[in-house]
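This report is meant for a reader meeting the structure below for the first time. It takes up a few of its parts in turn and describes how they are arranged.

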Amino acid sequence: MALASTANTSLDFGPASALSCRECGTRYDLGPIFACAECFGPLEVAYDFGPVTREEIAAGPTNIWRYSKLLPVPGNVETRPNLQPGWTKLVKADTLATELGLRSLYIKDDSGNPTHSFKDRVVAIALEAARNFGFHTLSCSSTGNLAGAVGAAAARAGLDSCVFIPSDLEAAKITMASVYGGRLVAIEGTYDEVNRFCSELIGDELGEKWGFVNVNLRPYYAEGSKTLAYEIAEQLGWRIPDQIVIPVASGSQLTKIDKGFRELIKLGLVEDKPYRVFGAQAEGCSPVSTAYKAGHDVVQPVKPDTIAKSLAIGNPADGPYVLDIARRTGGGVEDVNDREVVDAIRLLARTEGIFAETAGGVTVGVLRKLTESGTLDPEAETVLLNTGDGLKTLDAVAAEARPAAVIRPSLAAFRTAFAN
Ligand SMILES: *Cc1c(COP(=O)(O)O)cnc(C)c1O
Ligand SMILES: [Zn+2]
């Protein structure tokens with residue numbers, strides 16, 4: 001942690017000016033630190049934004065770097081090897097909207113990123129921090145998607161990688177976490193145990209020179225999720241939606257989407273207006289939803305048991321901030337069970353031709369539940385986030401998505417089968 005107190009003039013974080021504690025406001029020089037020395041609160045990036053216009057952004061590249069003036073990255077970030085994530089589709093989901101009884105629904109489909117989840121956004125920002133700090137190994141504790149995103153980003157950037165996952169993940173996620181050539185370590189334990197182990201590793205000489213994207217680089221990593229807010233607003237014609245439904249694992253993504261909307265308002269890039277933020281969890285790992293419904297400010301850790309493994313964080317670091325945002329914006333946090341997750345994956349596929357992973361099933365399931373309970377306003381413009389690709393969690397639906405018939409290649413056989 002010695003780097004924290006030494007202002008390093010060769011660092012280039014663009015408009016980012018400092019790290020500041022989200023609890024007590026103490027400021028620190030930009031460094032590979034993540035917790036406040038005064039109160040142990042989480043640190044986040046503070047900025048000194050220059051002028052930014054819609055036109056300038058619109059003329060930028062069709063990836064997250066069109067917003068580089070709003071991110072902790074150097075001005076020449078585009079010229080450095082990276083996966084260029086972002087600018088994924090915002091799909092108008094009229095069939096699903098009609099089926100659910102909503103007037104206007106969009107799906108921000110982040111399965112369209114290079115490694116098929118929203119994690120490419122956060123890793124791209126953490127990669128720039130790792131380069132700034134001279135780290136040669138990218139690392140992470142992961143519920144699956146992050147490990148693949150880190151492996152791919154490191155390969156592209158010419159860095160080493162060493163990623164840590166719980167050993168019971170889906171086969172596709174294990175394969176993706178390994179195929180990019182870095183080191184994959186599977187740990188017999190939950191994600192929360194993997195994460196605790198990584199914190200230990202940072203304190204040991206084995207890992208002290210590593211950039212753990214979601215641990216010692218977490219303040220930078222987290223900023224990548226702001227790009228979802230920027231893109232949604234720009235793709236709606238520079239407008240913030242009335243309601244947004246976001247999956248919650250650690251809660252980082254939801255927290256930073258809210259930060260992104262507030263920045264756009266402050267910078268005058270969108271009109272100031274109220275918006276409601278809803279969090280989505282799986283019943284088998286719903287510590288934030290449970291706290292929300294009980295009216296608590298504190299999130300009680302749980303031991304996860306759900307098919308939505310990418311959301312299976314039992315002790316979510318940003319849980320209390322999710323509660324704050326849900327309450328401040330008049331939103332909420334809801335959960336659905338595994339059966340509802342599978343039904344929702346199939347509903348989204350059948351109505352919009354989008355095959356989501358289990359996290360997407362959780363989000364669509366919660367959208368349905370909130371609509372049916374009258375919590376969501378059916379007349380309001382609603383955006384739903386699909387954060388990952390169904391090909392990574394095939395087992396969730398494989399037993400139900402089967403051939404209608406298995407026949408010999410003959411008309412007679414087809415007629416017989418078709419008649420049934
Ligand atoms: C990591 C992840 C999330 C949630 O991320 P947090 O920022 O930790 O809340 C959502 N969906 C998918 C598919 C993920 O991999
Ligand atoms: Zn503090």
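## An edge of the sheet

Strand β4 is joined by three bridges to strand β5, which covers residues 104–109, and the two run antiparallel. Within this pairing, Lys92 is the residue that stands opposite Tyr106 in β5. The model in which these features are described is a predicted one.

## The sheet as a whole

Both strands belong to an open sheet of six strands, whose order is β4-β5-β13-β10-β11-β12 and whose pairing is mixed. The edges are taken by β4 (90–92) and β12 (332–336), and because each has a single partner strand, one side of each is left without a neighbour in the sheet. On average, and with direction ignored, neighbouring strands of this sheet are turned by 25 degrees against each other. Helix α10, made up of residues 287–294, packs on the sheet, where it touches β11 (276–282) and β12, and the direction of α10 makes about 125 degrees with that of β12.

## Strand β12 and its partner

In contrast to the antiparallel pairing described above, β11 and β12 run parallel and are joined by five bridges. Here Phe278 stands opposite Gly332 in β12.

Is an edge strand such as β12 enclosed by the rest of the structure, or left without a neighbour on one side? Both descriptions hold for β12: one side of the strand is without a neighbour in the sheet, yet five of its five residues are buried, so β12 is largely enclosed by the rest of the structure. In a regular strand the side chains alternate between the two faces of the sheet. In β12, Gly332, Glu334 and Val336 point one way, while Val333 and Asp335 point the other way, and all of them are buried.

## Helix α12

Helix α12, which spans residues 338–352, has 15 residues, and the distance from its first C-alpha to its last is 21 Å, close to the 21 Å expected at 1.5 Å a residue. The buried residues of α12 are Val341, Val342, Ala344, Ile345, Leu347, Leu348, Thr351 and Glu352.

What do these buried residues of α12 pack against? Their partners are the strands β4, β5 and β12, together with the helices α2 (94–100), α13 (358–372) and α14 (395–398). Among these partners are β4 and β12, the two strands that stand at the edges of the sheet.

## The zinc site

The zinc ion (ligand 2) is coordinated through the SG atoms of Cys21, Cys24, Cys36 and Cys39, at 2.3 to 2.4 Å. In sequence, these donor residues follow the spacing C-x2-C-x11-C-x2-C. The four donor atoms subtend angles of 98 to 119 degrees around the zinc ion, and the arrangement is therefore tetrahedral. For comparison, the ideal angle for four tetrahedral donors at a metal is 109.5 degrees.

## Two residues with positive phi

Trp87 lies in the loop between α1 (54–58) and β4, and its phi is near 50 degrees, a positive value in a residue other than glycine. Trp87 is partly exposed, with a relative accessible area of 27%.

His116, placed in the loop between β5 and α3 (119–133), likewise has a positive phi, of about 65 degrees, although it is not a glycine. His116 is also partly exposed, with a relative accessible area of 32%.

Definitions and conventions: Residues numbered from 1 in each chain as written. Chains lettered and ligands numbered in written order. Predicted model: local features only at pLDDT ≥ 70, side-chain atom pairs only at ≥ 80, totals over all residues. Heavy atoms only, no water. Donors = N, O, S within 2.8 Å, 3.2 Å for Na, K, Ca; no water. Tetrahedral: all angles 85-135°; square planar, octahedral: opposite > 155°, others 65-115°. Pairing = 2+ DSSP bridges. Helix = DSSP H or I, 4+ residues; strand = E, 2+ residues; numbered from the N terminus. Axes fitted to C-alpha atoms, helices over the stretch in contact; angles between N-to-C directions. Contact = heavy atoms within 4.5 Å. Expected span 1.5 Å × (residues − 1). Buried < 20%, exposed > 50% of the residue type's maximum accessible area, 1.4 Å probe, protein only.
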